[in-house]
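Subject: Structure handover and findings

Dear colleague,

Please find below the structure for your own work.

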Amino acid sequence: MASLPVDKFHDECGVFAVYGHPEAAKLTYLGLYALQHRGQESAGIAASNGDELVCYKGMGHVEEVFTPQILSGLPGYATIGHTRYSTAGDTDLKNAQPLMVSCQKGQVALAHNGNLVNAASIRRELESRGDIFQTTSDSEVIFHYLARSKHSGIPEAIADALDRVSGAYSLVMLFKDSVVAIRDPHGFRPLCLGRLGGAYVVASETCAFDLINAHYVREIEPGEMLILNGEGTTSLRFAPPTPKRCIFEHVYFSRPDSVIFGRSVNASREMLGRLLAKEHPADADMVVPVPDSGVPAAIGYAAESGIPMKMGLIRNHYVGRTFIEPSQAIRDFGVKLKLNPVRTLLADQRVVLVDDSIIRGTTSRKIVRIVREAGAREVHMRISCPPTISPCYYGIDTPTKNELIAATHTVEEIREYIGADTLGYLSIEGMRRAVNDTEGDYCLACYTANYPTVVQEPLIALRHRD
Ligand code: SF4
């Protein structure tokens, strides 16, 4: 089976949890469905009936993994769920989440969005002491420290475990009588709290609340541990907050209909486009988004510039992961399958092409060619973030530094490579303005190479990359 080439950073994972609802597993299924864009390799749900935990997970999309029969085998009022794209560890079922163990703290399941930057060294140390690991996932080290903690209380034992790990973790944990939602002190990845009648829901993004008619209450704060149980909610601070939210969640990862980090993603993206138009105006006849993720920024660019936006590229939403490409017969077949030009719109036009990122440059080059071959007279590429120069270690699957075209080429060299008439990237200041980052609360490391933590290679020997 061939995989279609996508020159984007890969989404990481989505987590979801319910406490206090008789149909918790079904709600979690729907929540994961809304978070499918954050990971398509595997999906899983763990449920508690108050006495014991059961877990089911499988490879594939949420609707491929779960059937009504499987969901009815996950009874109880409390659940956690996970959709996964592997950022650390192999791509196979043993690494699918939730992970579940029985230890001296009882049965516990865990779903993790993010990546622990010190997992490899912790694991080497624990293995040298005789610990046995069941997966190659970075998340498993949290269980080992939880089980070893001398504290008998669950919150204290969790805090003890979190004290040993570093990096990005938005976690939901399930015990037989509670759900615990946790965000690392930097708050790299989003995690939101909602209400559905008398029940509590937790999700990576608020788009998952909309699907089940839950309402958004607030973010889980960086450094916060929120316990949901029969007594309601208990908020504990396990570390002082030092916010470094991932700015790329606003640029690309999160769905535009979500509110994350307390902001509308769509509003951020339109503002990115508006500021891009101010910084890099173009003399052109139309603004064309690279669908789907480039659309909100193109709307902002068009609104600011006064140049009309046209859907000059159409995305085919029905290209499955398992589509079998007919050998190398046609170069660029993958991109053409996904994006098709509207020739009647593009012919003889001066086009501003708006996209949200250039990673390797290969896809941008093909898209520019598609637009030119459709008859466009000029192609002015505009990117709604700064050049991506450094990999992410916080839960996003990125190419190595050498594969990032902006790490080794100037903007002019990239323009030449992709074949555009002009190329403009939004500045770092413009990007920060678009998300109202007045306090330096965002991680910008893939644009600056200034990492907010010490960076160790995340389980590099165990890591699978296609
Ligand atoms: S390095 Fe980039 S993608 Fe990773 S957390 Fe920071 S801003 Fe986000």
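Two strands are taken to pair if DSSP finds at least two bridges between them. With that in mind, please note that the model is a predicted one, and that Ser 102 stands opposite Gln 107, a residue of strand S6.

The sheet

Strand S6 covers residues 106-113, runs antiparallel to S5 and is joined to S5 by 5 bridges. Both belong to an open sheet of 6 strands, whose order is S5-S6-S7-S8-S12-S13 and whose pairing is antiparallel. At its edges are strand S5 (99-103) and strand S13 (232-237), each of which pairs on one side only. From one strand to the next, the twist averages 20°.

The ligand site

Where does the ligand sit? Its place is in the largest cavity. The residues that surround the ligand are Arg 189, Cys 246, Ile 247, Phe 248, Cys 392, Tyr 394, Ile 396, Cys 443, Ala 445 and Cys 446. By class, this shell divides into 9 nonpolar residues, no polar ones and 1 charged. Two helices, H8 (247-253) and H17 (445-448), each supply at least two residues of the shell.

Backbone geometry

As background, most peptide bonds are trans, and most residues other than glycine have a negative phi.

- The peptide bond that leads from Gln 97 to Pro 98 is cis, with omega near 5°. Pro 98 lies in the loop between strand S4 (78-84) and S5, and S5 is an edge strand of the sheet described above.
- Pro 291 and Asp 292 are likewise joined by a cis peptide bond, where omega is about -5°. Asp 292 belongs to the loop between strand S17 (286-289) and helix H10 (295-305).
- Asn 436 is not a glycine, yet its phi is positive, at about 60°. This residue is found in the loop that runs between helix H16 (428-434) and strand S23 (442-443).
- Ala 449, also a residue other than glycine, has a positive phi near 65°. Ala 449 is located in the segment after H17, one of the helices that supply residues to the shell around the ligand.

With kind regards

Technical notes:
Residues numbered from 1 in each chain as written. Predicted model: local features only at pLDDT ≥ 70, side-chain atom pairs only at ≥ 80, totals over all residues. Heavy atoms only, no water. Near = heavy atom within 4 Å. 1 Å grid on protein atoms, 1.4 Å probe; cavity = no way out; pocket = protein on both sides within 12 Å on 5 of 7 lines; lining within 4 Å. Sits in = over half its atoms within 2 Å of the grid points. Helix = DSSP H or I, 4+ residues; strand = E, 2+ residues; numbered from the N terminus. Nonpolar A, V, L, I, M, F, W, Y, C, P; charged D, E, K, R; others polar. Axes fitted to C-alpha atoms, helices over the stretch in contact; angles between N-to-C directions.
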